[in-house]
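User: Could you walk me through this one? I have a few quick questions about it.
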Amino acid sequence: MNLRWLAATAVLVSATALAQEPKDNIAGPYVPTPWVIVDAMLNLADIRADDVVYDLGSGDGRFVIAAARDFGARGVGIEIDPSLVALSAESARRAGVGDRVTFRSDDFFETDLSDATVVTLYLSRSINQRLRPKLLRELRPGARIVSHNFDMGDEWIPNQTKQVPSRDRLARVFLWVIPPKS
């Protein structure tokens, strides 16, 4: 057997295993957000150095790593798959932002979001709708939520929607700002 073939097969099997959906992942499979969308979402959220960015279903950690690296923000990635949490932590260390970001293997429905000033999402519309009451309850007025491709339903109209060319299509990016408590 060719050693190159064995090495390539091992890499492919490892990458495939990382991308598989965990059986208990209620949010769906891991699908990396294209970098152009990451940049557009962080810019639409107007990330600043004093922000704390939470990414729910953080996958490989690219949102919180980019927020820390490019804007000086702090970040927290919540990901149910422990192998992706380990990958994210290593990526943050390599990017030189390991001291400003953390990653937790947890269910984001059970995570306290009250420290977040920005929440990033690339989840389905139905998951976003299930998260909506939690976001409104736990986030402070003025906190921003940005989502790739999926809105929160007709009951919560975004403050801003942007179309972003990505690959061979236009992606939508949504922004909501938590209103004052009444």
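This is a predicted model: local features need pLDDT of at least 70, side-chain atom pairs count only at pLDDT 80 or more; totals for chains, interfaces and linings use all residues.

User: How many helices and strands does the chain have?
Analyst: Reading from the N terminus, the elements go α-α-β-α-β-α-β-β-α-β-β-β. That comes to 5 helices and 7 strands.

User: Is aspartate 60 buried or exposed?
Analyst: Aspartate 60 sits in the loop between strand 1 (52-56) and helix 3 (62-71). Buried means under 20% relative accessible area. Aspartate 60 has 13%, so the call is buried.

User: Which side chain does the side chain of aspartate 60 join in a polar contact of 2.7 Å?
Analyst: Leaving out residues up to four places away in sequence, aspartate 60 touches Tyr30, Ile65, Leu87, Ser88 and Ser91. The 2.7 Å polar contact goes from the side chain of aspartate 60 to that of arginine 62.

User: How far apart in space are leucine 123 and serine 147?
Analyst: Leucine 123 lies in the loop between strand 4 (118-121) and helix 5 (125-138), and counts as buried at 5% relative accessibility. In sequence, leucine 123 and serine 147 are 24 residues apart; C-alpha to C-alpha, the distance is 7.7 Å.

Definitions and conventions. Residues are numbered from 1 along each chain as its sequence is written. Side-chain values use heavy atoms; hydrogens and water are left out. Helices (H or I, at least four residues) and strands (E, at least two) are DSSP runs, numbered from the N terminus. Buried means under 20% relative accessible area, exposed over 50%, partly exposed in between (1.4 Å probe, protein chains only). A polar contact is a pair of N or O atoms within 3.5 Å; within protein, one must be able to donate a hydrogen and the other to accept it, and residues adjacent in sequence count only if both atoms are side-chain atoms. Contact means heavy atoms within 4.5 Å.
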